[in-house]
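Here is a short report on one protein structure. Read it with the 3D view open and find each residue as it comes up.

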Amino acid sequence: MKVIAVHLLNDYSGSPKVLKQLLKVWTKKNINTELYVCGGKQGFLSDIPEVTTHHYWYRFAKNPLLRLLFLMSSQLILLIKLLFKLKKTDILYINTVLPFGAAIAGKIKGCKIMYHIHETSIKPKILKLFLFGIVKWSASEVVYVSNFLANQEPLQIKTNVIYNVLEKDFLERCNNIKPSLKDNKIVLMICSLKAYKGVNEFLQLAHLNRKYTFKLVVNASENEINDYFKMEVLPENLIIYPTQKDTHRFYKEASIVLNLSNPRVWIETFGLTILEAMAYGLPTIVPPVGGVVELVKEGKNGFLIDSKNIPLLSKKLNEVLQNTALYQKMSGKAIEYSRFFCEDYFENESTRILSN
């Protein structure tokens, strides 16, 4: 058995991190594994031991038309590369719906094609219809990251749900942490530098709650951060950090973690940073829809609040950070709920789907 895994943009976001975990499991099980990913950028898919990596061209562009042109060009290149590489006996594992060139090549060569679907919020709609149409036409099997996503994007294909999980080395680093309500209360959010991720709402909350320190970690460079906030007045209690390879120090010092994605534009299909926060015993506040609802239970380990409801967000933020008994209760539940999402479960499921 050989698995050919395919991904588009290698960075430090959730979907390449999940693929990295899959690749580590398969190589551990002595499964011959190769990876096709765009070159020129460091991320979770860089230099994975025992995985033969091939690069193809892609460049992200801010301009939507240019970005579409680059996507189409990259997939033509990928299609041609794979036509010369693939064998009918290979399993083609496509991470996210974007690398559609791989699916076309796999269909031509007669491979078993599996998609790992992370997303539902794709714009414009015609692109989404095209990408999911390719999935429906080509895939033998699909893997969703949450039950919400499976119900949101039903494809009438053999379906699996495999939740994202935390790696053992991540859990080992937070196992001995005893969460407590610190004197210096830090509100943390880790996300992409996009308006629909709730960056502006986080800024508003920082303005309204000057007694807390707000830390925003974004998947962007210093120049991109300066450009995004050039017209904004930033409060002194807000600290913004560029892309971080290691986020443990932020969780260690945080008191609470937020996800403020706007569900009218972007629905979170899972929420890996929320799971990481839970493992550290941190209460969380997340949107009331999407895959995050499968992680956070209202009033138990956090709150489900629309990111546009700034008054309620501020009220609940203070409710948690000013009530030691409530904080300790939520912290304990966060750790308890996080234990289900373990690597053993992930290893069993990710191996099972290949042998089906």
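## Aromatic pairs

A search of the whole structure, which is a predicted model, finds 17 aromatic pairs. Take Tyr163 and Phe341. Their ring centres lie 5.4 Å apart and their planes meet at 85 degrees, so this pair is edge-to-face. The cut-off explains the label: planes over 60 degrees apart count as edge-to-face. The pair links distant parts of the chain. Tyr163 sits in the loop between β7 and α6 (168-174). Phe341 sits in the loop between α12 (324-338) and α13 (343-355).

Ring pairs join Tyr163, Phe270, Phe340, Phe341 and Tyr345 into a cluster.

## Charges over rings

Aromatic rings also meet charged side chains here. Lys107 lies over the face of Trp137, at 5.7 Å from the ring centre. Lys128 does likewise with Phe132, at 5.9 Å from the ring centre.

## The sheet

Which order do the strands follow in the open sheet of seven strands? The order is β3-β2-β1-β4-β5-β6-β7, and the pairing is parallel. The strands β3 (52-56) and β7 (158-161) stand at the edges. Each has a single partner strand, so one side of each has no neighbour in the sheet. From one strand to the next, the twist averages 20 degrees. Strands of a sheet pair through backbone hydrogen bonds, and this pairing is either parallel or antiparallel.

Four bridges join β7 to strand β6 (residues 141-144), and the two run parallel. Glu141 stands opposite Lys158 in β7. Helix α2 (residues 64-85) lies across β1 (2-6), β2 (32-38) and β3. This helix runs at about 140 degrees to β3.

## A residue in strand β7

Asn160 lies in strand β7. Its relative accessible area is 6%, so Asn160 is buried. What does Asn160 touch, leaving out residues up to four places away in sequence? The contacts are Glu141, Val142, Val143, Tyr144, Arg352, Ile353 and Asn356. Asn160 and Ala150 are ten residues apart in sequence. In space, their C-alpha atoms are 8.4 Å apart.

## Salt bridges

How many salt bridges does the structure hold? The count is 18. One of them joins Lys2 to Glu34, with the closest N and O atoms 3.1 Å apart. This pair links distant parts of the chain: Lys2 belongs to strand β1 and Glu34 to strand β2, 32 residues apart. Glu34 has 7% relative accessibility, so Glu34 counts as buried. Lys2 and Glu34 are also linked with Lys85 in a network of salt bridges.

Two further pairs show what burial can look like at a salt bridge. Lys17 and Glu276 meet at 2.6 Å, N to O. Why does Lys17 count as buried? Its relative accessible area is 15%, and buried means under 20%. Glu276 is buried as well, at 5%.

Asp227 and Lys62 meet in a salt bridge at 3.9 Å, N to O. Asp227 lies in helix α8 (residues 222-228), and Lys62 lies in the loop between β3 and α2. They are 165 residues apart. Asp227 counts as partly exposed, at 37% relative accessibility. Lys62 is exposed, with a relative accessible area of 62%.

Technical notes:
Residues are numbered from 1 along each chain as its sequence is written. This is a predicted model: local features need pLDDT of at least 70, side-chain atom pairs count only at pLDDT 80 or more; totals for chains, interfaces and linings use all residues. Side-chain values use heavy atoms; hydrogens and water are left out. Two strands pair if DSSP finds at least two bridges between them. Axes are lines fitted to C-alpha atoms, for helices over the stretch in contact, and angles run from 0 to 180 degrees between N-to-C directions. Contact means heavy atoms within 4.5 Å. Rings of Phe, Tyr and Trp (its six-membered ring) pair if their centres lie within 6.5 Å; planes under 30 degrees apart count as stacked, over 60 as edge-to-face and the rest as tilted. A charge sits over a ring if NZ of Lys or CZ of Arg is within 6 Å of the ring centre and within 35 degrees of the ring normal. A salt bridge is a side-chain nitrogen of Lys or Arg within 4 Å of a carboxyl oxygen of Asp or Glu. Buried means under 20% relative accessible area, exposed over 50%, partly exposed in between (1.4 Å probe, protein chains only).
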